[in-house]
Amino acid sequence: MAEIKIATLGSHSALQILKGAKEEGFETIVVCRKHQVKPYKMFGVADKIIEINNFSDFWKTEKQLIDENAVLVPHGTLAAYTDVDEIKKSKLMYFGSKDILKWEVSRTKQQHWLKKAGLRQPKIFKRPEDIDRSVIVKFYGAEGGKGYFLANSKEDFDKKIQAHKGKRYILQEYIIGVPVYNHYFQSPMLDRLELMGFDKRYESNVDSLGRISARDQIALKSVDPSYVITGNIPLVVRESFLSEAIDIGENIVKSSQKLAKRGMFGPFCAETIITPEKEIFTFEVSARIVAGTNPYIPTSPYSYMLWDEQMSTGKRIAREIKLAIENNELNKVLG
Amino acid sequence: MAEIKIATLGSHSALQILKGAKEEGFETIVVCRKHQVKPYKMFGVADKIIEINNFSDFWKTEKQLIDENAVLVPHGTLAAYTDVDEIKKSKLMYFGSKDILKWEVSRTKQQHWLKKAGLRQPKIFKRPEDIDRSVIVKFYGAEGGKGYFLANSKEDFDKKIQAHKGKRYILQEYIIGVPVYNHYFQSPMLDRLELMGFDKRYESNVDSLGRISARDQIALKSVDPSYVITGNIPLVVRESFLSEAIDIGENIVKSSQKLAKRGMFGPFCAETIITPEKEIFTFEVSARIVAGTNPYIPTSPYSYMLWDEQMSTGKRIAREIKLAIENNELNKVLG
Amino acid sequence: MAEIKIATLGSHSALQILKGAKEEGFETIVVCRKHQVKPYKMFGVADKIIEINNFSDFWKTEKQLIDENAVLVPHGTLAAYTDVDEIKKSKLMYFGSKDILKWEVSRTKQQHWLKKAGLRQPKIFKRPEDIDRSVIVKFYGAEGGKGYFLANSKEDFDKKIQAHKGKRYILQEYIIGVPVYNHYFQSPMLDRLELMGFDKRYESNVDSLGRISARDQIALKSVDPSYVITGNIPLVVRESFLSEAIDIGENIVKSSQKLAKRGMFGPFCAETIITPEKEIFTFEVSARIVAGTNPYIPTSPYSYMLWDEQMSTGKRIAREIKLAIENNELNKVLG
């Protein structure tokens, strides 16, 4: 076991992944942009730091990582900055399912996946003519939701879209409720789903808008909402919702097994909104560790209950790899 | 000691109660609705799961629980779905005071209790004619505060009440400030009050309203505030408020001792609002464990300081029962 | 080592400081106002409680603390209620730098310090005529930000200032983004900076304004924002911001070394706002432990990663004093 190392890209949830790996006895490697090495040096969680200039240089380190006998633990930054095809053709050991990736990255494919899972989703309107309730107008590729606006009718939409000529958009039913991110771990080694916890994001500027009085917002004129993630806040969910939260996770896993060989496994996240009517809408799934698990170093309430020890998602990943090595089944956790 | 088991109803804070019981070495039983068993199976905190169809079937399991030699730990769901009289006449061992229950469930009786405790409370207006400041109009039995509205004067009230003809309401002074829930534990075994921590609720939809800009809220027209609890967020309170927070807890306990035999004991919660003038208003008391302690598995900052070990409220309850058994004074913690 | 004791003033973050001291094996003393002793008695973190009537009586206990061989750990309440000159002339052992204090307490001096550190700061407008964007008008000495208002132009300012005739104010560029408090520890013994964590404040009433719908805020008429700290909420920050967060801490320390002998050391905090454009503005620095570290008893995610053990800021201070004593270099941590 001493020979397998754990590697990741220096960003997103890398500190957690590397710390968890060290807690489970692994040597660790972080591939990191030069100007971002400080946290990885400060916290001492990486036995080796490989510096690159840009995320797109990551695959240039592939040979070195293979030589180090490293298992790559992917996260959102890897997904965002490198190509699915590059991931798929790589010979580097990869924790998690590669086959599910294409179902995650395409908005249409993902909607198909969630629909197959039988989850409650916001309605999508094909044409402005169809708008019969409040909708949020989302633009493709708008970083942090810049420019997203609400509309109540075709007329309202027509007026407001003027400022966004030529942009591709989707018209999504606007669900009013509180956002909750559900964190799961699907274990191939223990053949079970684990509920790891919940968080809410801390987004700029929407999570400070409420601190500006309505009067002042109107005076400011220019307060446009944006949804740029700046951090995460821990929370627990009403216990009577946990059963449905588990159902959501199980259904996502089950339907993934119909879409991709062996289905999705490892950590994943469902982005939900809970309405005052206690309906849970699922907007998106992330087929990997998300940064919303970072508040839970060294543990979340839920993972502590399950494991009777401190268990972050990073440590959970390393534990799974360790179990696989001990059982001589490393392939079971690699994609 | 091995013979006493700890039982609870599967909801609310049951995971915490059961986990805490296991940490203290008890066998555990959860009585759970069929469609809600998943969390109790997943987290492995219940040695036995008794399935029922509805909460109202709970008392059908009474005989079995008595045969198991179980102490029932009550929580909000039990209080909400079963009758005080059924609790009082039950022969099942019950953790906490039964005598205080009637003072908790009646709004009028509770107000009397809080007044006796000398706590700062929002003013109640008897008639719309008396409105001389902003009031919140609350309807009896309105789940999640549906339809609650604000009014500034009799005229304003008269206009807005039109949409709610025939409903029973109360007119409560509207206090603007931040909500804080104070968690306590009154220990009969150690004869002392313990401050266990604080939380804020995460309510749908009010805790997402602020994420909608004033402009969009007005465009949406239909955004009515509701207060349905979906979760809880941990927080600590300014240290200079702790002395008053302890006073509040002590005064609630003291006045309970005048109302009910032996007074209230075990975990309880005071729902407060802290104003910019640093005044603490107490709105309600819950004479039992509340779900706001769930973020504090395995510990809260405060209980850690007091006990010099991880201590959730669930574990604290089990510790109290253990102390009682060891001292041959189990009756002291039963109602 | 047994002879050195740790003392602090009973308020702010005293519980954390005292608890941390006890965890590191020190005897502890709290100097506390009579009506605020309850928390210090309840949590058992003070071996001795010295009661005073008002914070201003603190220095009357100086001789006793010197006789007890106590190191004073200062915090915000000490800074707010006692005079810098009194601190400087005191013979009591004082943890942290005294020389940096004058740079912290004066608004102008502090702005100079932050500017020297090369940090992004909101623009200050000298005259209403210069207003070319949204500004926040802040009054000197306005407790909790009472009366602060926003203005978009000279005209707007002229109109709104009428209600505040004769008050001294500053005109600060209004930055819309989420507030984040960065906690650091500069260690003279290990000669390094440590990132201890992050929090957001819980302020009355601004952190409940968002729970009032725009419609109701407008109906209430009188909702003026205020920023009175009532508590703190834990959070983690997006990992890609950590490198800049570390830079901010390092630059504050470096520039402090040019302003004051040996510069600032021990715990400190940078008050920041992160905008949707991912720019981090630094508004203020506190050259000592802040109450935003209180959620992190017994540990924060970051200090846990760094130390591989639970580490609050209070414990970290005591650890530093212990290291200094063991190395016979106590002077290195005293100001």
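Let me begin with B:Lys278, which sits in the loop between strand 13 (266-274) and strand 14 (280-286) of chain B. Helices (H or I, at least four residues) and strands (E, at least two) are DSSP runs, numbered from the N terminus. The model is predicted, so local features require pLDDT of at least 70 and side-chain atom pairs count only at pLDDT 80 or more, whereas totals for chains, interfaces and linings use all residues. Residues are numbered from 1 along each chain as its sequence is written, chains are lettered from A and ligands numbered from 1 in the order in which they are written, and side-chain values use heavy atoms, with hydrogens and water left out.

I turn to the backbone. Most residues other than glycine have a negative phi, and most peptide bonds are trans. B:Lys278 is not a glycine, yet its phi is positive, at about 65 degrees. The residue is partly exposed, with a relative accessible area of 30%; buried means under 20% relative accessible area, exposed over 50%, and partly exposed in between (1.4 Å probe, protein chains only). B:His12 also has a positive phi, near 70 degrees. B:His12 lies in the loop between strand 1 (5-9) and helix 1 of chain B, and at 16% relative accessibility it counts as buried.

Chain C supplies two cis peptide bonds for discussion. One runs from C:Ser204 to C:Asn205, with omega near 0 degrees, and C:Asn205 belongs to strand 11 (residues 192-205) of chain C. Another joins C:Ile297 and C:Pro298, with omega about 5 degrees. C:Pro298 is located in the loop between strand 14 (280-286) and helix 12 of chain C.

Next, the relation between the chains. By what rotation can chain B be laid on chain A? A turn of 120 degrees with a shift of 0.0 Å along the axis does so, at an RMSD of 0.0 Å. That is the relation of a three-fold axis. In chain B, the C-alpha nearest the axis belongs to B:Gly210, 2.2 Å away from it. The superposition is by least squares on the C-alpha atoms of residues with pLDDT of at least 70 in both copies. Chain A is superposed on chain C by a rotation of 120 degrees, again with 0.0 Å of shift and an RMSD of 0.0 Å. In chain A, the residue that comes closest to the rotation axis is A:Gly210, at 2.2 Å (C-alpha).

How do chain B and chain A meet? The contact, meaning heavy atoms within 4.5 Å, takes 47 residues from chain B and 53 residues from chain A. Only 19% of the interface residues of chain B are also interface residues in chain A, so the copies meet through different surfaces. About 4,200 Å² is buried between chain B and chain A, and carbon and sulfur atoms give 59% of it. On the side of chain B, the residues that lose the most area to chain A are B:Met42, B:Phe43 and B:Arg211, together 18% of what that side buries. Buried area here is the accessible area (1.4 Å probe) that two parts lose on being put together, summed over both.

Seven salt bridges are found across the interface of chain B and chain A. A salt bridge is a side-chain nitrogen of Lys or Arg within 4 Å of a carboxyl oxygen of Asp or Glu. B:Lys38 pairs in this way with A:Glu250, the closest N and O atoms being 2.6 Å apart. Among the elements of chain B that each supply at least two residues of the side touching chain A are helix 2 (38-42) and strand 12 (227-237). Strand 12 of chain B gives the most to that side, with seven residues.

Finally, the charged pairs elsewhere. A search of the whole structure finds 95 salt bridges over all chains. In one of them, the side chains of C:Asp308 and A:Lys19 meet at 2.7 Å, N to O. C:Asp308 lies in the loop between helix 12 (301-307) and helix 13 (313-326) of chain C and A:Lys19 in helix 1 (residues 14-23) of chain A, so the pair joins two chains. A:Lys19 is buried, with a relative accessible area of 7%.

Within chain C, C:Asp99 forms a salt bridge with C:Lys261, with the closest N and O atoms 3.9 Å apart. The two residues are 162 residues apart, and the pair links distant parts of the chain. C:Asp99 is partly exposed at 25%, while C:Lys261 counts as exposed at 63%. In chain A, A:Glu24, A:Glu309, A:Lys315, A:Arg319 and A:Lys322 are linked in a network of salt bridges.
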